[in-house]
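Subject: Structure for you to look at

Hello,

Here is the structure, with the sequence alongside. Please open it first, then read the notes below.

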Amino acid sequence: YTHTEQRYPVVYFLPGFGSDPHGKNSYFSAQALAAAMSRGEIMEMIVVEPNGANLLHGSFYVNSPVTGNWEDFIVQDVVGYIDEHYRTIAGRDGRGIAGFSMGGFAAINLAMRHPDLFAAAYGLSPALFAPDARTAERIIEFFTAQIRNKNTRKAYAKATDDFAAWC
């Protein structure tokens, strides 16, 4: 990175509920990723793992009047900061989003809500949290509406189909 002017794609990896707030994870090894990149097994990329923990142990990366605007934080602040301060491929085709559990939900949700930002999405064991039956019904209704939306469905299908090829 320091010896070239090359621009790199970015994968935003969103950790799960209750993840270590200091960024230590058990999802992947930065050393293993770097080694695979240096051997040419995977393309060189920047991997960003934003902290989604809050006082309730997890934000689900959604905007909330109680815990803050986590969706805005990711899609505006984090993406904007990374594009401004690092040599990224600054645009949809240079960004992927993935996550585990809470982060898997968020990766799919954010990719569907912001298809202009992410070319690829991957949710590992995406989790949903619903404190009661009515909320669960509303979540299902929301995702059903998103799936029925032709533009969202098309963008989501393309994003998920392209993720493996993109990486």
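Start with a salt bridge: the side chains of Glu-41 and Arg-39 meet at 2.8 Å, N to O. (A salt bridge here is a side-chain nitrogen of Lys or Arg within 4 Å of a carboxyl oxygen of Asp or Glu.) Glu-41 is exposed, at 52% relative accessibility. Arg-39 is exposed too, with a relative accessible area of 52%. (Buried is under 20% relative accessible area, exposed over 50%, partly exposed in between, with a 1.4 Å probe and protein chains only.)

Before you go on: this is a predicted model, where local features need pLDDT of at least 70, side-chain atom pairs count only at pLDDT 80 or more, and totals for chains, interfaces and linings use all residues. Residues are numbered from 1 along each chain as its sequence is written, and side-chain values use heavy atoms, without hydrogens and water.

The structure holds 4 salt bridges. Another one pairs Arg-113 with Glu-71, closest N and O atoms 3.1 Å apart. This pair links distant parts of the chain: Arg-113 sits in helix H3, Glu-71 in helix H2, 42 residues apart. (Helices are DSSP runs of H or I with at least four residues, strands runs of E with at least two, numbered from the N terminus.) Arg-113 is partly exposed at 40%; Glu-71 is buried at 6%.

Asp-83 and Arg-95 form a salt bridge as well, with 2.4 Å between the closest N and O atoms. Asp-83 is in helix H2 and Arg-95 in strand E5, so the pair ties together parts 12 residues apart in sequence. Both Asp-83 and Arg-95 are buried.

Now the sheet. 4 strands form an open sheet, in the order E2-E1-E5-E6, with parallel pairing. (Two strands pair if DSSP finds at least two bridges between them.) E2 and E6 (120-124) stand at the edges with a single partner strand each, so one side of each has no neighbour in the sheet. E5 (residues 95-100) is joined to E6 by 5 bridges. Gly-99 stands opposite Gly-123 in E6.

Last, the core. The largest nonpolar core has 23 residues; among those with the most contacts inside it are Tyr-12, Ile-74 and Phe-118. (Such a core is a set of buried Ala, Val, Leu, Ile, Met, Phe, Trp, Tyr and Cys residues joined through side-chain atoms within 4.5 Å.) Strands E1 and E2 and helices H2 and H3 each give two or more residues to this core. H3 gives the most, with 6 residues.

Best wishes
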